[in-house]
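Study the structure first, then work through each solution step by step.

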Amino acid sequence: MTLYETLFVVHPERAPRIKEFVERFKKVIEGQQGTLSHVDEWGLRDLAYRIAKQSKGFYVLLQYRSPARAVEELERNLRLTDGVLRYLTVRADEAGPSESPAKGHSGEQRKTEEGSAMAGEDRGEGGH
Amino acid sequence: MAQREPGSRPYRERGDDDKGGPRRRPMFRRKVCRFCADKTLKIDYKDIRTISQFVTERGKMTPSRITGNCAHHQRLLTTAIKRARSVALLPFTTAKS
């Protein structure tokens with residue numbers, strides 16, 4: 001049994017029904033003797049690049065303790081589910097669940113990032 | 001809004017000083033790996049606030065030669081950046097618009 005975390009991005013049009021997604025994946029994990037320890041909905045965030053013509057996505061983070069085959073099964077389900085744009089599973093830090101870093105100020109932060117990206121273009125990128 | 005102006009980034013701090021090479025310059029201040037200095041600072045692909053400090057405006061990773069990161073933390077940072085890119089938390093590149 002290992003602690004894993006899976007981050008997945010859902011199509012913004014499916015965002016209102018996000019609970020169904022979480023519920024479904026929870027069943028998958030529990031069906032493989034895993035226990036879901038933490039669900040963190042980051043909400044609708046700007047994507048760093050467009051995926052499926054979308055510039056926004058709904059991010060959800062699942063943390064669970066399970067055998068490895070639960071990950072296999074979960075990822076299979078994520079692939080099959082329409083509306084899941086991206087997913088990423090990693091072995092989580094045993095030290096404990098980290099706080100969600102990007103809640104709330106995501107929109108604001110992206111804006112400043114874009115601003116500095118523009119500024120960077122004038123200067124050129126370090127090419128002396 | 002200008003909470004993160006480019007000037008505050010690690011690789012901007014020492015402009016042309018780098019060219020002389022560290023040994024020839026007595027004023028050279030040794031760069032310390034930020035993650036070694038502050039053990040509470042964790043490298044996590046979800047924490048784009050921290051990670052984006054080690055990425056250029058174009059989305060490229062800054063070399064440890066410039067940031068002063070140690071090899072171990074640079075390695076962790078590399079995987080974190082790559083993970084963040086794959087879930088669209090960080091850009092692979094900034095397209096010209």
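Predicted model: local features only at pLDDT ≥ 70, side-chain atom pairs only at ≥ 80, totals over all residues.

**Exercise 1.** What span should helix 2 of chain A have at 1.5 Å a residue, and which side of the helix is buried?

*Solution.* 
1. Start with the length. Helix 2 of chain A covers residues 68–80, which is 13 residues.
2. At 1.5 Å a residue, helix 2 of chain A should span 18 Å. The C-alpha atoms at its ends lie 19 Å apart, which agrees.
3. Now list the buried residues of helix 2 of chain A: A:Ala70, A:Val71 and A:Leu74.
4. These residues cover an arc of only 100° around the axis, so they sit on the same side of helix 2 of chain A.
5. An α-helix has 3.6 residues a turn, so residues three or four places apart point the same way.
6. Turn to the other side of helix 2 of chain A. Exposed residues there include A:Arg69, A:Glu72 and A:Arg76.
7. Finally, find the cover. Strand 1, helix 1, strand 3 and strand 4 of chain A are among the elements that cover the buried residues of helix 2.

**Exercise 2.** Which residues of helix 5 of chain B are buried, and what do they pack against?

*Solution.* 
1. Helix 5 of chain B has 16 residues and reaches 23 Å, close to the 22 Å expected.
2. Its buried residues are B:His73, B:Gln74, B:Leu77, B:Ala80, B:Ile81 and B:Ala84.
3. Their arc is only 125° around the axis, which puts them on the same side of helix 5 of chain B.
4. On the other side of helix 5 of chain B, B:Ala71, B:His72 and B:Thr79 are exposed.
5. The buried residues of helix 5 pack against helix 2, helix 3 and helix 4 of chain B.

Notes:
Residues numbered from 1 in each chain as written. Chains lettered and ligands numbered in written order. Helix = DSSP H or I, 4+ residues; strand = E, 2+ residues; numbered from the N terminus. Expected span 1.5 Å × (residues − 1). Buried ≥ 20, exposed ≤ 12 C-beta atoms within 10 Å, placed from the backbone. Arc of directions from axis to C-beta. Contact = placed C-beta atoms within 7 Å.
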